[in-house]
Amino acid sequence: MSTPAVHSLWTTAADRIPQIGAPKIEYGQLSPTLIIIGAALVGVLVEAFVPRRSRYHAQVFVSVVALCAAFAAVVGLAADGYGTTKAHIAAMGAIAVDGPSLFLQGVILLAGLVGLFTFAERRLDPAAHGNRVDSFAAQAAAVPGGESEQAAVKAGFTTTEVFPLLLFAVAGMLVFTSANDLLTLFVALEVFSLPLYLLCALARRKRLMSQEAAVKYFLLGAFASAFTLFGIALLYGYAGSVSYGRIAQVVDGSVTDVSPALAGTMGNDALLLIGGALLVMGLLFKVGAVPFHMWTPDVYQGAPTPVTGFMAAATKVAAFGALLRLLYVVLPGLRWDWRPVMWAVAIITMLGGAIVAITQTDIKRLLAYSSIAHAGFILAGVIATSKNGVSSVLFYLAGYSFVTIGAFAVVTLVRDAGGEATHLSKWAGLGRRSPLVAAVFAVFLLAFAGIPLTSGFAGKFAVFKAAAAGGAVPLVVIGVISSAIAAFFYIRVIVLMFFSEPRPEGPTVAVPSPLTTLAIGIGVAVTLVLGVAPQYFLDLASQASVFVR
């Protein structure tokens, strides 16, 4: 008789337990990221099941289709109003679908597509044992110079895993720019960092330098991730939540439902200030700002040049997107605390990058210090703390990313017997040997220098104007001085190419396939279009400059 009674007690108790609802995921609004992740997983399956001789074409096809489809999805969402009137928080508070996220996702996808063309290049190196080869190691796991590597080269192996790795990195960046809580931000950071650590180690030539670059990047990146995670823990301890909107309410005191535990931590500003500083520090590392820049020149020099170009462009876009969202959505109540620090970081980044670049003798290291200086220029727009500041940063990132990939694509063409000829002395007289390649590279250098009628001038003008309107006139003056210093070493390379005598034993310019030609052509076109007629794109960035909380 007791058994049914016990059973009824169990069922009654179970009925009283609150039900856990199914998660509500807006798959359509997350479609750009889902497409890329799906294609990356297909790429892994291609590696496992497709015969080796067919993998290259299968991987390139899958990657190009995925990046184009994801970009079309971003354009569709923007056209449907999700960047403006329909902007909201999706995926149960984890992802923001708004103007800045869609704009930056579009830039990352296009940069990934152009970067993919340089990854797929197979005509620059002479054929090895009758097989065309690319910039990547024949067998990634082989010891450099060992018997297994020699056997892999002889067999004509190629590391086609680079394509799914590129897609995983792009997927992480898409989430990183749109993350709306701190845990999503950290997961996205790791998702795009780990593939980049691997890609940096895969150079076909100079394998030991490549692996050294990857180890340096991995170790310093692990430290930066640890700082980021510690900052997240402190902010969670302060606000009792990892949601951006909730933390912002606690910071500015507008939160209404204060529990006794939260009331105890809200008064502890040390948690807030130290947590925010550590979190910003991790993002400044990814941006390559001084004093968190020490990895940049070594990694840019050692990594395969197509990887360097993609990383220099896309990582900066993703990291600045996350930094903007953190400062404008989570910590606007701390503006008077973080602005002076950002002033200092921007000043030493602009001056440090420009001054140290003058001493460089390797073209990839010179471009690395140039990218550090550009991080300082972009920070000037971040400091503006206005709608114009956000739109100027978005525009600058769009123009800068294509110039960067195009410049590194040109670097892959100048070669000697040891592979890419990156020492500056070997570029002497390049304009007389190959005037077209030298002229294209000169266009990119002039854009970096911020010369009128290039995207660099329009971008710098926009960020400096926004910074001046935000009261940072001294910062703008220092920015203009830094630009003048930077112009010196850009012009020096142009003079070296066109006004020096070519050496008889100098490098040759390889004839690329249509893929690299297309990548360089897109870079030149974007540079000139954004320089000559920037207004449409400035308006587009302005429409996309409002964050949703």
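Q: What ground rules apply here?
A: The model is predicted: local features need pLDDT of at least 70, side-chain atom pairs count only at pLDDT 80 or more, and totals for chains, interfaces and linings use all residues. Residues are numbered from 1 along each chain as its sequence is written, and side-chain values use heavy atoms, without hydrogens and water.

Q: What span should helix H4 have?
A: Helices are DSSP runs (H or I, at least four residues), numbered from the N terminus. The expected span is 1.5 Å times one less than the number of residues. H4 has 21 residues (99–119), so it should span 30 Å; its end C-alpha atoms are 30 Å apart, which agrees.

Q: Which residues line the largest cavity?
A: Rolling a probe the size of a water molecule over the atoms shows where empty space is left. A cavity is a set of points, on a 1 Å grid over the protein atoms alone, where a 1.4 Å probe fits but cannot get out; lining residues have an atom within 4 Å of a point. Here the lining includes His 374, Phe 395, Tyr 400 and Ser 455. H16 (387–411) gives the largest share, 5 residues.

Definitions and conventions
Helix = DSSP H or I, 4+ residues; strand = E, 2+ residues; numbered from the N terminus. 1 Å grid on protein atoms, 1.4 Å probe; cavity = no way out; pocket = protein on both sides within 12 Å on 5 of 7 lines; lining within 4 Å.
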